Amino acid sequence: MNGSDEGSTHRTIERVARESYGRLVAYLSSHTHDLATAEDALNNALVAALTAWPRDGVPQNPEAWLLTAARRSFIDLVRHRRVAEASEPTLQLLREEREMTLSAEFPDERLKLLFVCAHPAIDPALHTPLMLQTVLGLDAVRIGQAFLVSPTTMGQRLVRAKTKIRSGGIQFEVPQERELPKRLDAVLEAIYAAFGIGWDDMAGVDQSGRELAEEAIWLARVLLQLMPREAEVRGLLALMLHCEARRAARRGPDGRYVPLSEQDSRQWSLPLIEEAERHLAEAASRGGTGRFQLEAAIQSVHAERARSGRTEWKAIMLFYEQLVRISPTLGTRTGYAAAVGEANGPEPGLVVLDGIDSDAVSAYQPYWAVRAHLLQRLGKTSEAAGAFDRAIGLAEDPAVRQFLLQRRG
Amino acid sequence: MQFALLIYESPEAFAARNSDGTDPYTGAWRAYYKALVAAGIYVGGDPLQVPETGTTVRLKEGKRRVQDGPIADTKEQLGGFTILELPSLEAALDWAARCPAAAAGAVEVRPLAPEMKRRITG
């Protein structure tokens with residue numbers, strides 16, 4: 001086999017791994033509850049594919065090939081470990097399944113896996129890392145980087161979470177209707193957290209940040225495919241697509257940070273905006289307004305500027321008002337203050353900011369950035385400089401820091 | 001608990017010390033310091049003179065060995081330290097990421113060792 005064939009085989013393996021990873025892990029773990037072994041087994045199968053496929057050619061049904069190999073490996077791993085209590089049912093199950101079918105058709109259990117990852121018995125801080133690892137196959141090093149945790153620590157936390165899932169009676173199931181809204185919310189939060197990390201930290205320049213944002217959008221698409229009737233899933237997808245549409249406009253050619261209000265809307269991606277709008281309209285037609293639909297609606301108003309040339313701050317303010325009512329977080333309250341500042345003037349905006357608990361904002365950068373901006377518009381130069389300092393000191397992105405230093409003057 | 005942020009800086013960052021203090025790097029440091037104090041977590045810290053001013057002393061077989069410069073000959077050199085009072089390593093890593101040196105060099109986060117100090121100071 002020549003080099004380019006080998007290259008294309010490797011690319012095929014990468015593509016199959018990416019598309020099938022979550023489906024295979026979900027399927028292998030849905031009955032056994034053993035995520036760690038399912039992942040190990042799948043990784044062994046992928047390693048085997050790296051040897052077998054370039055030699056024998058890519059099988060007609062690569063996913064079925066991987067499933068067979070992973071299943072065998074799963075059985076070997078369990079046998080080898082001789083986990084007395086759990087091994088017999090597990091082995092029996094796998095034997096039965098093996099006899100049942102080796103065809104391509106196996107149930108898609110990813111939805112259950114998503115709900116397991118965001119289960120209330122799991123530390124909320126681990127919901128997103130677990131999803132990234134089990135559904136997307138990201139390793140602890142990359143996840144650790146994204147969450148600003150050392151790879152070893154992240155690895156240990158993930159292992160502990162998986163042990164809990166295996167032995168803690170966490171069911172692999174889609175929650176009952178009564179619990180569904182709350183449980184779904186945790187899944188949506190976890191996906192959005194992945195997007196937020198990819199978005200804030202790297203601000204469009206760093207490749208790994210962009211990839212994480214893309215992974216989050218991919219997760220939301222998977223979720224939508226599995227739950228097409230849930231309006232909030234569409235709301236979340238619309239929100240992320242609207243933000244993603246502006247990625248290219250967030251930095252100047254020299255890497256300079258460009259705030260939303262100064263972005264050149266011709267650099268926004270129209271196809272992404274149109275897709276976001278379709279999802280948002282579809283969500284609205286199903287009635288009920290959730291948090292993600294409101295956030296997407298705010299971004300939709302911003303996107304309008306590409307057509308109208310202006311920003312309807314009054315509309316944004318009204319959406320924020322509703323948002324603060326259902327989700328009064330630091331982020332939404334600060335966003336509301338910024339919108340009031342634009343719609344009604346800096347003084348009313350500052351009044352909203354003053355209503356937020358001062359202890360809570362001591363390390364919250366956006367609060368100080370908005371405060372500095374509003375004070376500067378009022379001509380309160382020295383107070384503004386103090387707020388700018390706080391915002392600069394709390395900024396992590398050097399480009400944002402540079403931008404604020406210039407504004408501070 | 002207390003953490004030390006050990007600030008490792010590049011030659012360019014050390015060179016910026018020769019400016020009049022209006023450069024962005026120094027401006028970012030001023031703002032960072034204010035944010036640390038305002039958050040109520042600042043315990044102490046100091047910048048160090050540039051690495052070339054260091055002198056390393058060893059006693060080998062009873063003989064004094066003196067060497068110009070810092071111990072390790074690496075591109076990034078210790079340029080200062082900050083001690084912070086924080087509830088967790090996570091919080092310390094967050095503040096390290098905000099440190100202006102994190103983008104220009106590196107910041108090592110190390111917990112202080114008070115039990116060791118007690119053993120020494122009695």
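Me: Which residues in α13(A) are buried?
Reply: In this predicted model, a residue is counted as buried if 20 or more other C-beta atoms lie within 10 Å of its own. In α13(A), the residues that are buried are Arg291(A), Phe292(A), Gln293(A), Leu294(A), Glu295(A), Ala296(A), Ala297(A), Ile298(A), Gln299(A), Ser300(A), His302(A) and Ala303(A).

Me: What distance does helix α13 of chain A reach from its first C-alpha to its last?
Reply: Helix α13 of chain A covers residues 291–308 and has 18 residues. At 1.5 Å a residue the expected value is 26 Å, and the helix comes close to it, with a reach of 26 Å.

Me: Which helix gives the most to the side of domain 2 of chain A that touches domain 3 of chain A?
Reply: The C-alpha centres of domain 2 of chain A and domain 3 of chain A lie 22 Å apart, and 10 residues of domain 2 of chain A are in contact with 11 residues of domain 3 of chain A. On the domain 2 side, 6 residues come from the helix that gives the most, spanning residues 180–200 of chain A, namely α9.

Me: Are α18(A) and α19(A) roughly parallel or roughly antiparallel?
Reply: Helix α18 (residues 381–394) of chain A and helix α19 (residues 398–408) of chain A pack with their axes 9 Å apart, at an angle of about 170 degrees. Because angles over 145 degrees count as roughly antiparallel, α18(A) is, relative to α19(A), roughly antiparallel.

How values were computed:
Residues numbered from 1 in each chain as written. Chains lettered and ligands numbered in written order. Predicted model: local features only at pLDDT ≥ 70, side-chain atom pairs only at ≥ 80, totals over all residues. Axes fitted to C-alpha atoms, helices over the stretch in contact; angles between N-to-C directions. Helix = DSSP H or I, 4+ residues; strand = E, 2+ residues; numbered from the N terminus. Parallel < 35°, antiparallel > 145°, perpendicular 65-115°, else oblique. Domains from an automatic or database assignment. Contact = placed C-beta atoms within 7 Å. Expected span 1.5 Å × (residues − 1). Buried ≥ 20, exposed ≤ 12 C-beta atoms within 10 Å, placed from the backbone.
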